[in-house]
Amino acid sequence: MSMPFDIDQRMEGRIEDVGSFVQNIVNDLIRMVIFTGELTLVVWDAVRHPRRIRRRETLYYMDMCGTDAVPIVVMICILMGIILGFQSAMQLQKYGGDVFIADFVSLVIVKEMGPLMVAMICTGRAGSAFAAEIGTMKVGEELDALRTMGLNPVRFLVLPKLLAMLLVMPLLTVFGDIVGIFGGMIIAVLKLGLPVVVYYNRATAAITPLAFLLGLLKSFVFAFIITVIGCRRGFSAGNDAQGVGRAATSTVVSAIFWIVIADFVLTFFYSMIGE
Amino acid sequence: MEKALPIVEVCNLTIGYGENIVLKDLSFAIDRGGICTILGGSGCGKSTLLKHLIGLYRPFSGDIMIQGRSIVTATPKEKDLMMRGFGVTYQSGALFGSLTLLENVMLPLEEFTAMTRPQRIAAAREKLAMVELDGFDNYYPAELSGGMRKRAGLARALALEPELLFFDEPSAGLDPLTSADLDRLILHLKDKLGATFIIVTHELDSIFAIADRCLILDKRTKGVVADGDPRELREKSANPWVKSFLNRNNLRYCN
Ligand SMILES: Nc1ncnc2c1ncn2[C@@H]1O[C@H](COP(=O)(O)OP(=O)(O)OP(=O)(O)O)[C@@H](O)[C@H]1O
Ligand SMILES: [Mg+2]
């Protein structure tokens, strides 16, 4: 049994913890906004001079973040479809609404789980890799070398990653959506005995073009968040191996945090416009 | 006749990290076309000074003029332009790991010249040959030894044939013969390009062989303790620490 005095002290500690947690988030947000501003200038410059974009690096990152992620995306999303199928089948069976499994699974996947799962996978694969790569370049004085060569590190290092992610993550999401809906179909057919044609027809009817596009917009936003956080953490990494490790870890933690926040905000707005 | 403008001029410069002052109140000027070496004990701030001279960090106070223009107060755009005007090598080589050697050397040419691709390749090959790395075009930096990386970094710094070159310990980690070759290369470049070199180094042999001038920094006073022709300083310096530094004696053992 602890004394009231202890409780007071512990409470104070808790409040301090909460305070510094909030302060960290606010600082993080400010720095992210500044970095985004810098990035916007570079993107604007790239729009005006598309020839100056480093194409080879962009292709490399498309390969790394896209092609190489396909197997894991397929795995996770098909399982997600199966899980959603199971859960909804159990509820829907109670009310005799078996056929709505198609509507439920396809809409949840397209609007929510597809973009979110792909974003989680890309955070773990690409976001942490970006932080580690840029952090290692910092340790090896490569960032200094870039700057003294008069090359803008943001243009040189961040832009190809950003372009690659913006192109590849929506594609991965489309891919994940398709296999996720297919996963739901497996359950609909095997557990509920729904004909494939019925599932297919209901699913395609349920997904409106707008719902599909809004889902893709989410994955655009997530791609942006992952790249910005990964790169920024790399630039501010400590000058040693542990610093690089910490940068990679904190990328994953804060990217997931901000992705969920962004998802919440977007979902809220979508519901306001009736989607 | 009016004295030519010094290529690098430092006025009342105080530098450091965070709260920690590494060097204070430095003032010196480096004339065009010579080889100036900066030396001093390990950790006395040579690399720090070099990184401030090339504009990577902002000094606490004081000014640094490169070719008559302040790199401290320059806008980011002007700074980029000034930085293009000189070549830098880093203590660790600092090659870009995702590019091959040839691509590393070609990078500044790609970004800042109107050369065609064959011209760029030829120019980059020529630079690599200068540092005896011909035949390693398609190697990645990770596949090279430390000394080779250093030489490749040198080739990259030379790519745009700048008038001003900063080297951070170019010969550390090289064998004596390669190190002597490097000295010859520097002398050759000085004659051929009329370039000015500012070199941080510990190699006494190379200092006596090539340097016109040396600045010796001291950790305790956080400033320049000696400045002049290294051969003269070795014989005539009034400061016993400087004398023993240049003569490889250690005061701790001969007191
Ligand atoms: N990034 C940094 N942050 C904080 N302090 C630093 C940093 N880099 C160097 N220092 C400190 O500045 C001082 C000078 O370091 P510097 O690297 O300039 O030494 P140096 O003269 O180049 O030594 P060496 O001959 O070993 O290369 C050291 O005391 C070091 O602790
Ligand atoms: Mg050093």
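Which residues in helix 1 of chain B are buried? Lys46(B), Thr48(B), Leu49(B), Leu50(B), Lys51(B), His52(B) and Leu53(B) are buried in that helix, where buried means under 20% relative accessible area, exposed over 50% and partly exposed in between, with a 1.4 Å probe and protein chains only.

## Basis of the model

This is a predicted model, in which local features need pLDDT of at least 70, side-chain atom pairs count only at pLDDT 80 or more, and totals for chains, interfaces and linings use all residues. Residues are numbered from 1 along each chain as its sequence is written, chains are lettered from A and ligands numbered from 1 in the order in which they are written, and side-chain values use heavy atoms, with hydrogens and water left out.

## Helix 1 of chain B and the shell of ligand 1

Helix 1 of chain B spans residues 46-53; helices (H or I, at least four residues) and strands (E, at least two) are DSSP runs, numbered from the N terminus. Seven of the eight residues in this helix are buried, which leaves the element mostly covered. Gly55(B) follows the helix and has a positive phi, near 85°.

Helix 1 also gives the most to the shell around ligand 1, with three residues. The residues surrounding this ligand are Tyr17(B), Val22(B), Ser42(B), Gly43(B), Cys44(B), Gly45(B), Lys46(B), Ser47(B), Thr48(B), Gln91(B), Glu169(B) and His202(B); a residue is near a molecule or strand if one of its heavy atoms lies within 4 Å of it. By class, the shell holds three nonpolar, seven polar and two charged residues. In this scheme Ala, Val, Leu, Ile, Met, Phe, Trp, Tyr, Cys and Pro count as nonpolar, Asp, Glu, Lys and Arg as charged, and the others, Gly among them, as polar.

## Polar contacts and the magnesium ion

A polar contact is a pair of N or O atoms within 3.5 Å; within protein, one must be able to donate a hydrogen and the other to accept it, and residues adjacent in sequence count only if both atoms are side-chain atoms. An N or O atom in the side chain of Thr48(B) is 2.4 Å from an oxygen atom of ligand 1. A polar backbone atom of Cys44(B) lies 3.3 Å from an oxygen atom of the ligand, and a polar side-chain atom of Glu169(B) is 3.3 Å from an oxygen atom of ligand 1. Taken alone, ligand 1 exposes 640 Å², of which the protein buries 62%; accessible areas come from the Shrake-Rupley method with a 1.4 Å probe, and for residues only the protein chains shown count as cover.

Ser47(B) (OG) and Gln91(B) (OE1) coordinate the magnesium ion (ligand 2) at 1.9 to 2.5 Å. Donors are N, O and S atoms within 2.8 Å of the metal (3.2 Å for Na, K and Ca); water is not among the atoms, so sites may look incomplete. Ser47(B) lies in helix 1 and Gln91(B) in the loop between strand 6 (86-89) and helix 3 (101-112) of chain B, so the pair ties together parts that are 44 residues apart in sequence. Ser47(B) is partly exposed at 23% relative accessibility, and Gln91(B) is partly exposed at 34%.

## Other sites in chain B

Asp218(B) lies in strand 9 (residues 213-218) of chain B and is buried, with a relative accessible area of 7%. A polar atom of the Asp218(B) side chain lies 3.3 Å from the backbone nitrogen of Arg220(B). Neighbours within four places in sequence aside, Asp218(B) is in contact (heavy atoms within 4.5 Å) with Gly223(B), Val225(B) and Trp241(B).

Most residues other than glycine have a negative phi. Asn12(B), in strand 1 (residues 8-17), has a positive phi near 45° and is partly exposed at 45%. Gln67(B), in the loop between strand 4 (61-66) and strand 5 (69-70), likewise has a positive phi near 45°, and its relative accessibility of 32% counts as partly exposed.

## Chain A

Chain A has nine helices and zero strands. Its C-alpha atoms fill a box of roughly 70 × 65 × 35 Å along the principal axes, and buried residues make up 46% of its 275 residues. Residues 24 or more positions apart account for 87% of the chain A contacts with a separation of 6 or more.

Thr173(A), in helix 6 (residues 153-190), is buried at 0% relative accessibility. Beyond four places in sequence, Thr173(A) touches Gly114(A), Pro115(A), Val118(A), Leu216(A) and Ser219(A). Ile207(A) lies in the loop between helix 7 (196-206) and helix 8 (209-235); 100 residues separate Ile207(A) from Leu107(A) in sequence, with 6.1 Å between their C-alpha atoms.
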